[in-house]
Amino acid sequence: MPTATQVCRTECAYCHEHFETTNLAYTHLGQWACSRCWLQYSFQCDRCGAIAPRNGRLFRDRQTVCRECTETETWDPSPSGISIASYAKIVSKRKFGVELETSLSADYRSLKGQTLFGAKYDCSVSGMEFISPILYGDEGLEEVEFFCDLASDKAFDVDDNCGYHLHLDVRDETTVQLRHIAYAYAKSYAAWRNLVSSYRANDCNYCHAPSYSASSIKTCRRIKDFMARTDRYNYLNLYAFERLGTVEVRLHDASLHAKTINYWVIAHTRFIDAVHDMTYAEIDALFDGDAGSQFNELCRIWDMAGGQRISEFYRRRVHEHGAPRPYDEDCDDDED
C-alpha cells in the first residue's frame, strides 16, 4: 500500500501517460483518461448528463446534447387534412411545402400536436428545422401563418446559417414542361437573386448559382436523368425531383415571418404555372435581359395571375438589397 507521502498514479488509456488518479475521469467507454484525452474523445450531455462519444455530439438551442436525447425529440409532419381548398389569394392550385431552419427553438417539443409541422435536426444549424406537410390553397398559407404565430410566441430565432427552402410539386408535369420550368429558372436567376440578401446570393454554399446552363437543359437528352445528376445545393435543386417529385428553391434567407414565407410561395407557384407551357423562345423573350428587365417580367407574371398582389413587396425588397427599383408602375399590394 502507498504511504502517506506516496501518490496513486494511473495510466491514461489513450495517451498511456501516467497521472494522479484524482486528475483522471472515465470516458463513455468506462476507461480512465487524462483531461486532454477525455475532451478529445468524450463530452457530457447538457440535457441528460450522460458521458457520450464526442463525435456524436450535437448542438441544439445553445446546448451540447447526445444522440440518445435527440432521437426521441423529432417527429414527422402530420397530413394537412385540407378537404376543400380556396384559392383567392394564392391563385395557383400547385401543392407546396416549406422547410424553416432556426438558430434558436427552445421548448420546441411543446409544439408537437399543436401544429401540422414536423421537427428534425440539421447539422448546419443550432436550432431545429421545421417541415410542413404537403400544403395547397389559401388554407396552406394559413397553416404557415399559424406555425409562425407559435414560433413568435416561443421567441424562436434565425441567423445567417439558417435558410428557408420551398418545395414545389411538379409530379404531374410532362417531360417537356419540366424542361421549360428548369430552363426558365436558369434564365431568370439574375432576378431571383436580387430578392435575397447578399450573403444568400453570393456567399452561401448551400444555395449557389446554377452549376448548369440554360442551354444544357435545352439540349440534354433526358431531362429527368439530367435533374438526377445535378448538385442539390443549386439555388434551384432539381435533384429533389427524383426523391420527392418536387423542385426545391433553396435561395431565400431564413424567416419566421408569415408574409415573407407566403409571398415567396405565391411568387414561385405563379411563376411555374406561367412558364411550364411556354416555348423556349417565349422564355428567352422574357428573360434574356438584365436583372432589372427580368424582374419587370416577374412582376407582370405575378400581377396577371390576380389574387394577392405581391409585386410591390418585392420591388421594395429589390430596393433594400441595393438594386435599382425596376419600374414605377402603381401596383401596390395589400398591406398586412
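Trainee: Which residues does Glu-99 touch, leaving out those up to four places away in sequence?

Mentor: A contact list like that shows what a residue packs against once its sequence neighbours are set aside. For Glu-99 the list is Glu-129, Phe-130, Ile-131, Gly-163, Tyr-164, His-165, His-167 and Glu-248. Keep in mind that this is a predicted model.

Trainee: Where in the fold is Glu-99 found?

Mentor: Glu-99 belongs to strand 9, which covers residues 96–101.

Trainee: Is Glu-99 buried or exposed, and what is the nearest side chain of opposite charge?

Mentor: Glu-99 is buried, and the nearest side chain of opposite charge is that of Lys-120, 5.0 Å away. A salt bridge has to fall within 4 Å, so Glu-99 has none.

Trainee: Which side chain makes a polar contact with the side chain of Glu-99?

Mentor: That's His-167, at 3.1 Å. His-167 also turns up in the contact list of Glu-99.

Trainee: Let's do the nonpolar core. Which residues touch the most other members of the largest one?

Mentor: The general idea first: in soluble globular proteins, nonpolar side chains tend to be buried together. Here the largest nonpolar core has 78 residues, and those touching the most other members are Val-98, Tyr-185, Trp-192, Trp-264, Phe-271, Trp-302 and Tyr-314. Helix 10, residues 258–275, supplies the largest share of this core, with 10 residues.

Trainee: What does Tyr-314 touch, not counting residues up to four places away in sequence?

Mentor: Its partners are Leu-195, Thr-260, Tyr-263, Trp-264, Ala-267, Phe-295 and Trp-302. Trp-264 and Trp-302 are themselves among the core members that touch the most others.

Trainee: Next, the cysteines. How many disulfides does the count come to?

Mentor: To call one, you look for two cysteine sulfur atoms within 2.5 Å. The count here is zero. For Cys-12, the nearest cysteine sulfur belongs to Cys-15 and is 3.7 Å away. Cys-204 is in no disulfide either, with the sulfur of Cys-207 nearest at 3.8 Å.

Trainee: Why does Cys-12 count as buried, and why does Cys-204?

Mentor: Cys-12 counts as buried because its relative accessibility is 0%. Cys-204 counts as buried because its value is 5%.

Trainee: Last one: where is Gly-307 found?

Mentor: Look at the loop between helix 12 (291–304) and helix 13 (311–320). Gly-307 is partly exposed, its relative accessible area being 40%.

Trainee: How far apart are Gly-307 and Val-91, in sequence and in space?

Mentor: They are 216 residues apart along the chain, but their C-alpha atoms are 5.8 Å apart. Beyond four places away in sequence, Gly-307 touches Val-91, plus Ala-88, Lys-89 and Arg-270.

Key:
Residues are numbered from 1 along each chain as its sequence is written. This is a predicted model: local features need pLDDT of at least 70, side-chain atom pairs count only at pLDDT 80 or more; totals for chains, interfaces and linings use all residues. Side-chain values use heavy atoms; hydrogens and water are left out. Helices (H or I, at least four residues) and strands (E, at least two) are DSSP runs, numbered from the N terminus. Buried means under 20% relative accessible area, exposed over 50%, partly exposed in between (1.4 Å probe, protein chains only). Lys and Arg count as positive and Asp and Glu as negative; His and the chain ends are not counted. A polar contact is a pair of N or O atoms within 3.5 Å; within protein, one must be able to donate a hydrogen and the other to accept it, and residues adjacent in sequence count only if both atoms are side-chain atoms. Contact means heavy atoms within 4.5 Å. A nonpolar core is a set of buried Ala, Val, Leu, Ile, Met, Phe, Trp, Tyr and Cys residues joined through side-chain atoms within 4.5 Å.
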